Amino acid sequence: MDMQMNLSAEAISVEQRWCAHNYKPLPVVIDRAEGVWMWDVEGTRYLDMMSAYSAVNLGHGHPRILRAMIEQASRVAVISRAFHSEKLGPFLRRLCALSGLDGACPMNTGAEAVETAIKAARRWGYKVKGIPADQAEILVAEGNFHGRTSTIVGFSSEAAYRDGFGPFAPGFRIIPYGDADAMEAAIGPNTAAILVEPIQGEAGIVVPPEGYLRRLREICDRRNVLLILDEIQSGLGRTGKWFAFQHEGIVPDGLCLGKALGGGVMPVSAFVARQDLIDMFVPGNHGSTFGGNPLAAAVGLEALETLDEEGLVARSAELGDHMMRRLSAIDSPAIRAVRGRGLWVGVEIDPAFATARAVCEALMQRGVLSKETHDTVIRFAPPLVISREELDWAIDRFAETLAAMRA
Ligand SMILES: *Cc1c(COP(=O)(O)O)cnc(C)c1O
């Protein structure tokens, strides 16, 4: 084994020894990254088709984000919400202007934004809708992914997310995804909210039938139920619009954002909502030590302005169509389905051909990094700054990989 090989093997073995085994990474040790490219410790270059689950929509080390980050960190980074800062207002004002909503509560991780949504919805249920104490119910979708807190995994339909972590919080019901009639039938007098992803990411890039969100909007209006969308992964340009709900011309009552909001450098999340919902929070009833800190606000604002000024949302729509066309045109018995929207496509691999994991490992050997979701789906979600040539290069490598695996 030469020195170079030792670097990778050593890093993997130390990480394996000391880190909880709650992930199963591909055997590649990333040393640095820039834009859509990443290099391992041996100096091999890879194209990033994962974007850290959409956290890196702006690409790695975007110069504008780095500049804003260093400038703000050198001035003041963390003060808690015990004091005011200059960037938080403009950051949240921008978020509201983009989404058509009225106010926002800043948090850090996606799961915290979802927890914030759950608290707001329940309190709205009691204070505004008049649901009896502790009876509020939230309807969620089968196959959902909203994060990893013990409350959130309690309403997951994925056994692995739940096994051994109970008892779970009551007050949630799981309804089939994409079926608006089933959702309406499940509404009772104590239903405060419906919480869904516009496209289910972790479930395997599952796109609901056209009109699903529009129907949920109509049902929620008619039945006095809140519509809360988790756009932590689908938001901020990923699907070719700022938010996936804009494909259906609706506005939700509450919106969870995260991932790309942190510009690819830190965790920044928010729960954005209409006025009467965001007003459920009063001094003392909710909070976060790091939520809305000056560094997070400066980076978040810069991330929004950069997405806007570089036209990355339109780019996602245009290159996304191109990626979808090209992936759908690959003639391989390995592919069972191709689905997605914008620069966010899942390719379903026939298990009789190979596991999605095996395809990802073979793809890695050809210089493209992606990751399987469940056993059968490969996710293609490059940073939105990718060029058409880079995208074509990655798709060529994928087609080559499938052809070589068949041989
Ligand atoms: C990633 C994700 C979350 C959780 O975000 P974390 O930052 O990992 O807590 C919630 N909802 C959706 C749709 C996600 O993709």
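Leaving aside neighbours within four places in sequence, arginine 336 is in contact with Glu348, Ile349, Asp350 and Pro351, where contact means heavy atoms within 4.5 Å. Arginine 336 belongs to strand β11, residues 335–340. Helices (H or I, at least four residues) and strands (E, at least two) are DSSP runs, numbered from the N terminus. From arginine 336 to tyrosine 46 the separation is 290 residues in sequence and 26 Å in space, C-alpha to C-alpha.

Colleagues, please note that this is a predicted model: local features need pLDDT of at least 70, side-chain atom pairs count only at pLDDT 80 or more, and totals for chains, interfaces and linings use all residues. Residues are numbered from 1 along each chain as its sequence is written, and side-chain values use heavy atoms, with hydrogens and water left out.

I turn to the domains. The chain is divided into domain 1 (2–61 + 311–406) and domain 2 (76–309), with bounds that come from an automatic or database domain assignment. Their C-alpha centres lie 27 Å apart, and the contact takes 28 residues from domain 1 and 29 residues from domain 2. The area buried between the two is about 2,400 Å², of which carbon and sulfur atoms give 58%; buried area is the accessible area (1.4 Å probe) that two parts lose on being put together, summed over both. On the domain 1 side, Val313, Arg341 and Trp344 lose the most area to domain 2, together 31% of what that side buries.

Next, the interior. A nonpolar core is a set of buried Ala, Val, Leu, Ile, Met, Phe, Trp, Tyr and Cys residues joined through side-chain atoms within 4.5 Å. Buried means under 20% relative accessible area, exposed over 50%, and partly exposed in between (1.4 Å probe, protein chains only). The largest such core has 87 residues, and Phe91, Ile194 and Phe398 touch the most other members. Helix α11 (residues 294–309) gives the most to this core, with eight residues. Why does this core lie between domain 1 and domain 2? Both domains give residues to this core, so it lies between them. Leaving aside neighbours within four places in sequence, the contacts of isoleucine 194 include Leu139, Met183, Leu216 and Ile228. Apart from this core lies another, of 27 residues, among them Val114, Ala117, Ala193 and Cys256.

Now the sheet. Seven strands form an open sheet, in the order β4-β10-β9-β8-β7-β5-β6, with mixed pairing; two strands pair if DSSP finds at least two bridges between them. At the edges are β4 (103–107) and β6 (172–175), each pairing on one side only. Strand β7 (residues 191–196) and strand β8 (residues 226–230) pair in the parallel sense over four bridges, and leucine 195 has isoleucine 228 in β8 as its bridge partner. Helix α9 (residues 212–223) lies across β7 and β8, running at about 150 degrees to β8. For such angles, axes are lines fitted to C-alpha atoms, for helices over the stretch in contact, and angles run from 0 to 180 degrees between N-to-C directions.

Finally, some backbone details. A cis peptide bond joins glycine 166 and proline 167, with omega about 0 degrees; proline 167 is in the loop between α7 (159–162) and β6. Asparagine 224, although not a glycine, has a positive phi of about 55 degrees. The loop between α9 and β8 holds asparagine 224, which counts as partly exposed at 39% relative accessibility.
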